[in-house]
Amino acid sequence: MQAQLIRRGRIRRWPPLLLSLALTLGATSSAFAYTAYVTNERDNTVSVVDLDKMQTVKTIQVGQRPRGIVISPDGKFLYICAGDDDIVQIVDTKSQQVVGDLPSGPDPELLALNKTGDLLYLSNENDALVTIIDVKERKALAQIPVGVEPEGMGVSPDGKIVVNTSETTNMAHFIDTDKRDVVANVLVDARPRYAEWKSDGSEVWVSAEVGGTVSVIDPVKHVVTKKITFSVPGLRSEAIQPVGIRFTKDGKLAFVALGPANRVAVVNAQTHEVEKYLLVGQRVWQLAFTPDQKYLISTNGVSNDISVIDVADLKVIKSVQVGSFPWGVAISPE
Amino acid sequence: MWAPQLRKPAATFGLAWAIAFCVIGEPSEAATRRDPDWPCQQIKVPTISAAAIWSGPSLEGLPSWSADQDVADLVERLAARRTPIEDAQKLIDEFSDKAGSQKRARLLLVFAGVFEELNKQRDEVIGGLARVAHRQAASADQIRDENHDFLELRSKADSDPNKLKELGDKLDWDTRIFEDRNRSITYACEVPVLIEQRLFAIARMIEPKVE
């Protein structure tokens, strides 16, 4: 079969060999042509990492102390918490420049977008608030009081509930996104840092950095149904500080970043048993999958790099140097 | 050159007051929890455990790394911070190529040696920081006393202007030294982390060769 290419109003025929070559190359490049954007907390930049070349190809100057970062569903914009500037900055991924900001309220740290990409939920660490922002209008719609030092933000798959964690109050706050109010509080272990929903909405996992655990929460009954603990031979328990969490789309595996343990735990998301520990870089903070879930990226705050984990093989295959104190990571949808 | 007499006394009093009453003043809850041996903002990690940076074969029960002269030479070069980390991989590769049939065992010894040496360096830095922390605490005490004496003298209507100037200059000088040392501490506090980074980078270079 011969393919046709419409170009400048003309129809060209491609020979079969060339076509198959083009398809092969195209398939290869599309499978690896993802870009990772990494916030560097110390040097106020975002590293742009080409995941095909596995190297940093550009550094974007942003506001002070960038940490939380998300990308719009269409991949056109990054939203970055510049905590010490008290703003969320918008970066155009094409021009790779800051093109505006959002009224975040003071000291934004982590943020989450809803599926359609029009509402942003972020935690204001110093003011014990969660702010909801209309991204298109660039205005704050509401501020919801939560516990002391709010941090983790997780939007449910149906967008109806946002879970926020408060570091000092040690709670996961369930916020109804229509009512814009807290509808339930669940006590978890000390210093909860991150909340992540399973893709079927059946569980929310909350990591506790000081407690060293991950609480599995039933989001309907609002109770902790299981606490996952971690143990690495030779490491003191206080060196194990769970932070970022990610689930595979099929809900079978979870990955938990363990901070100064320098490891990512691989957890069976159905039995809640830890299956493996992967040594990544120093002070691992956050995690993000490539959209095809072939790779998982971890940010390593002390070794100043990101680690690339092959998800099928559960092996660390590469580390890529980025800026100083990498913290958050977002990956382009294509 | 710094000239203490050019500094405005008022500015010095303000800083001295801050040192005397805020830095080492009434012990707050946070201050009482503060480790007197640790003047850094970074979380103190007394020792690096091998498990934190290494998932290769155990380092327990190995023979002495220093008994193998080639191993000892490489350990010395890798542990020296003047050896750029970019050169470390080359040195390890060269050693590996020439290490013979006991290559894995000898490379494991190299890592054991680097681990021991860099932990030792780190201990020395942490010990040095503790000494500086104590010296700063003593300086802050001294500045508080000098500040008290200065304010007392100044409050007297018949105070000797020469004596007042002498006390002011001394306060100024000691405060300046205190500030300079604080700046040095900020830099020195980075050193333990730099050593950890180096150790981890070398672990990453050696581990794939001994697995």
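Is Arg191(A) buried or exposed, judged by the other C-beta atoms within 10 Å? In this predicted model, Arg191(A) has 21 other C-beta atoms within 10 Å and is therefore buried, the cut-off for that class being 20 or more. Arg191(A) lies in the loop that links strand S17 (181–187) to strand S18 (192–197) of chain A. Its phi is positive, at about 55°, although Arg191(A) is not a glycine. Most residues other than glycine have a negative phi.

A positive phi, near 55°, is also found at Met54(A), again a residue other than glycine. Met54(A) is placed in the loop between strand S4 (45–50) and strand S5 (55–61) of chain A. Because 16 C-beta neighbours lie inside 10 Å, Met54(A) is classed as partly exposed, whereas Arg191(A) is buried.

Chain B contains 8 helices and 0 strands, and its elements follow the pattern α-α-α-α-α-α-α-α along the sequence. Of the 211 residues in chain B, 26% are buried. Among contacts in chain B with a separation of 6 or more, 83% are between residues 24 or more positions apart.

The two chains meet through 10 residues of chain B, which are in contact with 12 residues of chain A. On the chain B side, the elements that give two or more residues are helix H3 (50–53) and helix H8 (191–210). The chain B residues on this side comprise 6 nonpolar, 3 polar and 1 charged.

Terms used
Residues numbered from 1 in each chain as written. Chains lettered and ligands numbered in written order. Predicted model: local features only at pLDDT ≥ 70, side-chain atom pairs only at ≥ 80, totals over all residues. Contact = placed C-beta atoms within 7 Å. Helix = DSSP H or I, 4+ residues; strand = E, 2+ residues; numbered from the N terminus. Nonpolar A, V, L, I, M, F, W, Y, C, P; charged D, E, K, R; others polar. Buried ≥ 20, exposed ≤ 12 C-beta atoms within 10 Å, placed from the backbone.
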